Amino acid sequence: MKKSEAQKALENLNKYTGAELKVTGVKGQMLSVDGTIPVEVLEALLDRVKNSGSRDNFYKGILSGELSESEIRRYAEKLGIDNDVRRSVILIEQGSASLSIEVVRQIFSDEDENDIMLINDDTIALIRTVTGKKESEQLRNDAEKIVSTINTELMEKARVAYGRCAASLPALRESYTEARTAMEVAEIFYDEMSVASFAELGIGRLIRELPISLCELFLEEVCGEKKRFKLGEEELQMINKFFEESLNISETARDLYLHRNTLVYHLEKLEKKTGLDIRNFDDALTLKITLMVGQYLDYIESHPGSRRN
Amino acid sequence: MASLSLKNVCKVYPNGFEAVKNFNLEIADQEFIIFVGPSGCGKSTTLRMIAGLEDISSGELRIGDRLVNDVEPKDRDIAMVFQNYALYPHMTVYDNMAFGLKLRKVPSDEIDKMVKEAAKILDLVPYLERKPKALSGGQRQRVAMGRAIVRNPKVFLMDEPLSNLDAKLRVQMRIEIAKLHQRLGTTIIYVTHDQTEAMTLGTRIVVMKDGVIQQVDTPQNLYDRPQNLFVAGFMGSPQMNFLDAVVEIQGETAYLKVANKAIPLSPEKSKKLIDGGYDGKTVTFGIRPEDVYDSEMMVEASPTSVFESTIRVYELLGAEVFLYFDLDEFPMTARVDPRTQARPGDVVKFAFDTEKIHVFDKETEQIITN
């Protein structure tokens with residue numbers, strides 16, 4: 001390193017940290033310096049140096065997209081991590097992630113090739129090595145096991161989401177993005193789901209991918225200016241039950257303890273209100289999508305920090 | 001130990017899906033109650049609401065005298081055992097049971113006492129220093145239960161805890177759980193889709209369908225006196241035979257007309273049909289496979305309910321035989337003595353035990369007479 005380069009690096013360090021250091025000499029890669037540096041800056045630097053080579057930081061670098069493909073390969077070699085192993089990212093969302101991480105760590109403690117890290121205060125990421133042919137079965141089993149064990153040990157709620165398997169380390173970022181998508185889609189559309197797999201999200205995932213402007217345009221076309229149908233709890237219950245029973249009037253009436261004719265009357269009332277006769281498949285599909293798109297936009301409005309805003 | 005009370009409890013998800021509707025149940029202290037029903041019937045959701053792992057949309061839940069709707073799960077004094085339990089592979093049996101208590105920062109001498117007590121109850125004392133890999137399937141399951149027992153909860157919640165085990169182990173663990181209930185004397189709420197588990201373990205059974213309680217009763221009553229078609233069909237394997245029959249009233253006697261026969265019913269059953277105004281109406285007639293006979297003696301003793309049919313399938317199960325045949329195009333099963341001579345293709349005479357006939361309203365599917 002030249003003295004001018006070292007001087008420049010130190011100037012930057014002084015500028016950003018309040019240190020007052022100057023280079024007095026350079027010998028190979030070693031600098032001689034003179035001056036003062038705040039203790040907390042020294043501690044932060046020490047921390048950074050200590051962790052720069054850790055697996056946690058390496059994986060966090062991949063998931064966040066901070067590391068390039070060549071960097072990933074270089075660091076992987078340094079850390080002894082095999083690039084060509086199939087892995088998936090499993091995200092665990094739970095109120096007290098610092099406790100859950102201990103539980104998850106213990107569940108997978110007999111396998112070296114899994115890495116567990118805190119992403120933020122309530123989210124943990126598990127980089128799960130997947131072996132064998134039944135990948136999706138293994139991942140679902142792992143996810144259910146994690147939820148059950150957190151429920152049992154901590155008596156707290158947990159939701160787990162996972163992406164598809166990645167064939168190489170650089171592809172893990174995609175698996176992570178998918179896991180996040182699955183977590184969000186479950187939160188928006190499938191509140192009852194404690195395990196969400198990206199590959200099994202169905203129509204919810206499709207709607208989440210739509211541009212907001214298109215969603216608004218669609219709602220305006222179907223519902224008019226107000227962009228929402230004003231439906232009461234009982235109407236929603238009837239609609240959901242009717243969909244559950246594959247548009248079968250008799251079965252729905254039986255489930256709702258209504259006379260068949262009463263249900264038909266309510267369906268006709270709904271038609272007057274929405275312009276959709278959900279006894280017809282096309283109209284039923286339109287209403288289903290309208291309700292889900294509405295749910296999605298409501299979520300976006302109530303979560304201003306979400307990805308889409 | 002505690003009683004539980006659920007009043008008008010409902011669970012509605014934000015998308016409008018109503019998973020549990022108006023659930024009302026009083027569970028006595030030390031009771032072993034089973035929630036049973038097909039997948040998606042709301043049994044696990046109800047259990048999770050009791051645990052506090054799902055919010056209650058409306059209604060009241062009390063454990064003992066305390067309203068717990070808004071109490072955090074960990075403060076409800078309950079413990080759960082799930083189907084997908086995970087044991088920590090690097091820890092000994094002792095540490096596996098102690099781990100949750102350590103996370104809750106329970107003092108180590110207390111942990112030691114609790115773990116050793118639980119191990120004693122579960123006959124795990126000789127295995128405390130072993131790791132999960134060195135245990136049998138049944139022992140592992142007992143460790144999973146030990147993790148719940150060490151909490152010394154007022155109520156145990158078990159969500160299909162045996163579903164992942166093979167058939168033989170399931171039977172063995174069923175007995176262990178029954179013994180555990182006797183030893184602990186704690187209230188247990190147990191979810192299963194397996195009606196054999198429900199019948200053998202429960203002091204009372206709650207049968208659910210589509211988020212609604214269908215019937216709450218003792219195992220025997222559920223089997224003998226089902227309140228609707230669903231319960232009648234769900235409890236019992238092979239399931240109850242159902243046929244359409246037309247009611248004909250002659251004087252004080254009601255007859256069920258089926259397959260060109262008119263089966264006279266007992267005065268008690270007849271009265272229910274007469275009082276209900278079922279004359280000339282089609283009803284659903286139910287009879288359990290063990291109440292359909294092929295023995296000559298029974299056939300001769302019940303001349304009013306004898307039918308002839310061709311055997312389609314013969315299934316020998318060792319202690320019994322299932323004969324499958326059709327009656328008026330309705331598929332039927334008879335559970336008969338293994339010494340039966342009937343074989344596929346044979347035309348056989350069957351008789352019904354008319355005392356054991358159940359009659360359901362065809363439209364409402366509710367029981368008319370058991």
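Helices here are DSSP runs of H or I with at least four residues and strands are DSSP runs of E with at least two, both numbered from the N terminus. The views below show a predicted model.

**View 1. Domains of chain A.** Chain A is divided into domain 1 (3–50), domain 2 (56–61 + 82–202) and domain 3 (210–302). Domain 2 is given as two segments, 56–61 and 82–202. Between the centres of domain 1 of chain A and domain 2 of chain A, taken over C-alpha atoms, the separation is 40 Å.

**View 2. Contact between chain B and chain A.** Chain B gives 25 residues to the contact, and chain A gives 25 residues. On the side of chain B that touches chain A, two or more residues come from each of strand E2 (18–27), strand E6 (78–82), helix H2 (93–103) and helix H4 (137–149) of chain B. H2(B) supplies the largest share of this side, three residues. Sorted by class, the side of chain B that touches chain A holds 16 nonpolar, five polar and four charged residues.

**View 3. Helix H10 of chain A and its packing.** Helix H10 of chain A covers residues 233–244. Its 12 residues should span 16 Å at 1.5 Å a residue, and the end C-alpha atoms are 16 Å apart, so the two values agree. Buried residues in H10(A) are A:Met238, A:Ile239, A:Lys241 and A:Phe242. These residues lie on the same side of H10(A), because they cover an arc of only 165 degrees around the axis. An α-helix has 3.6 residues a turn, so residues three or four places apart point the same way. The packing partners of the buried residues of H10(A) are helix H11 (249–255), helix H12 (260–274) and helix H13 (281–302) of chain A.

**View 4. The stretch after H10 of chain A.** A:Ser246, which follows H10(A), has a positive phi near 55 degrees. A:Leu247 is in the loop between H10 and H11 of chain A. Phi of A:Leu247 is also positive, near 65 degrees, in a residue other than glycine. A:Leu247 has 16 other C-beta atoms within 10 Å and is therefore partly exposed. In sequence A:Phe281 and A:Ser246 are 35 residues apart, while their C-alpha atoms are 9.4 Å apart in space. A:Phe281 belongs to helix H13 of chain A. A:Phe281 counts as exposed because it has 10 C-beta neighbours inside 10 Å.

**View 5. Open sheet of chain B.** Four strands of chain B form an open sheet in the order E2-E1-E4-E5, with antiparallel pairing. E2 and strand E5 (66–67) of chain B are the edge strands, each pairing on one side only. Strand E4 (residues 58–63) of chain B pairs with E5(B) over two bridges in the antiparallel sense. In this region B:Ile63 stands opposite B:Arg66 of E5(B).

**View 6. B:Asn8 in strand E1 of chain B.** B:Asn8 lies in strand E1 (residues 4–12) of chain B. Although B:Asn8 is not a glycine, its phi is positive, about 50 degrees. With 12 other C-beta atoms within 10 Å, B:Asn8 is exposed, since the limit for an exposed residue is 12 or fewer.

**View 7. Cis peptide bond in chain B.** B:Ser237 and B:Pro238 are joined by a cis peptide bond with omega about -5 degrees. B:Pro238 is in the loop between helix H8 (229–234) and strand E11 (241–250) of chain B.

Technical notes: Residues numbered from 1 in each chain as written. Chains lettered and ligands numbered in written order. Predicted model: local features only at pLDDT ≥ 70, side-chain atom pairs only at ≥ 80, totals over all residues. Domains from an automatic or database assignment. Contact = placed C-beta atoms within 7 Å. Nonpolar A, V, L, I, M, F, W, Y, C, P; charged D, E, K, R; others polar. Expected span 1.5 Å × (residues − 1). Buried ≥ 20, exposed ≤ 12 C-beta atoms within 10 Å, placed from the backbone. Arc of directions from axis to C-beta. Pairing = 2+ DSSP bridges.
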